[in-house]
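Biologist: I'm new to reading protein models. Could you walk me through one, feature by feature?

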Amino acid sequence: MKNDKIKKIIKRKYKKPIICLTAYSSTVAQILDKYCDIILVGDSLGSVLYGMKSTREVTLDMMINHAKSVKKAISNSILVVDMPYKTYRNNKEAYQNAKKIIKLTKCDALKLEGGKKIINIIKYLIKKKISVMGHIGLLPQSERGTFRFKGRREIEKKKIIDDARLLCDAGVFAIVIECVQESLAKKISNSVLIPTIGIGASKYCDGQILVTDDLVGLTNFTPRFVKKYSNIRKIIRSSVLKFKQEVINKKFPSKKNIY
Ligand code: KIV
């Protein structure tokens, strides 16, 4: 069932841009909550936190544990949790796992990757009163190897637009569009009645999402669609170096830091 916060998000289409970021922990979520409309516990945590080669290795328990941590720190934003790979292959599996995530994390909605291929599963979840966010374009759970933008050929463009329309008709409350050309993002956004949230999908979306660790420069991931607003790696490096020097020179701990 769509709660009031989700209903408000749907009304934001063509209005004030929707701000979305990822969080995997209470510490980060606490900082983001005031500024975000949606916080996503994305399965990108597989590569960002666990050094996995692909999001396919992420498990349901990993998602639940991180989402529980995030939930503790937020009161303003909508909490969306990614359903990991192979946890929604049929209606029964999807519903059981969705119920488990919602029960244990108290999240507001779930995100599933794909359009036509999984449309009946998405319809089933929605019929069971679960709020769903769609995800089209580049689908990390389906990718093998290099990540390239989607919609190069006309047939692929048409498929992505069709997916967006199907998802909208099925009742998802928003759709993440990942890595498509500006013209295609514009077309999709104008083809559906619900908000589109872009990542590498131009300003013609109703909102934007980035992986927070990329935005602050904690990761070394530098695809074209990421803008690094700070360089946290540099700050950590210089802090650690100062700590090391002070320990060696017996400056830390000082009188202020002892009992
Ligand atoms: O897993 C994730 O963090 C995502 C966003 C990048 C959209 O799906």
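Predicted model: local features only at pLDDT ≥ 70, side-chain atom pairs only at ≥ 80, totals over all residues.

Biologist: What is the peptide bond from Phe252 to Pro253, cis or trans?

Modeller: Here's the general idea: most peptide bonds are trans, and most residues other than glycine have a negative phi. The bond from Phe252 to Pro253 is cis, with omega near -5°.

Biologist: And which residue other than glycine has a positive phi?

Modeller: Lys106 is one of them, with phi near 60°. Look for Lys106 in the loop between α5 (91-105) and β4 (109-111).

Biologist: Zooming out, which domains does the domain assignment give?

Modeller: The assignment gives domain 1, covering 4-228, and domain 2, covering 232-259. Taken over C-alpha atoms, the centres of domain 1 and domain 2 are 39 Å apart.

Biologist: Now the ligand. Where does the ligand sit?

Modeller: You'll find the ligand in the largest pocket. The residues that surround the ligand include Thr22, Leu40, Gly42, Lys111, His135 and Val176. Sorted by type, the shell around the ligand has four nonpolar, four polar and three charged residues.

Biologist: Which side chains have an N or O atom listed with a distance to an oxygen atom of the ligand?

Modeller: Ser44 has a side-chain N or O atom 2.5 Å from a ligand oxygen. For Asp82, the distance from a side-chain N or O atom to a ligand oxygen is 3.1 Å.

Biologist: How much of the ligand's accessible area does the protein cover?

Modeller: On its own, the ligand has 260 Å² of accessible area, and the protein covers 95% of that.

How values were computed
Residues numbered from 1 in each chain as written. Heavy atoms only, no water. Near = heavy atom within 4 Å. Polar contact = N/O pair within 3.5 Å; in protein donor to acceptor, adjacent residues only side chain to side chain. Areas by Shrake-Rupley, 256 points an atom, 1.4 Å probe, with all protein chains shown as cover. 1 Å grid on protein atoms, 1.4 Å probe; cavity = no way out; pocket = protein on both sides within 12 Å on 5 of 7 lines; lining within 4 Å. Sits in = over half its atoms within 2 Å of the grid points. Nonpolar A, V, L, I, M, F, W, Y, C, P; charged D, E, K, R; others polar. Domains from an automatic or database assignment. Helix = DSSP H or I, 4+ residues; strand = E, 2+ residues; numbered from the N terminus.
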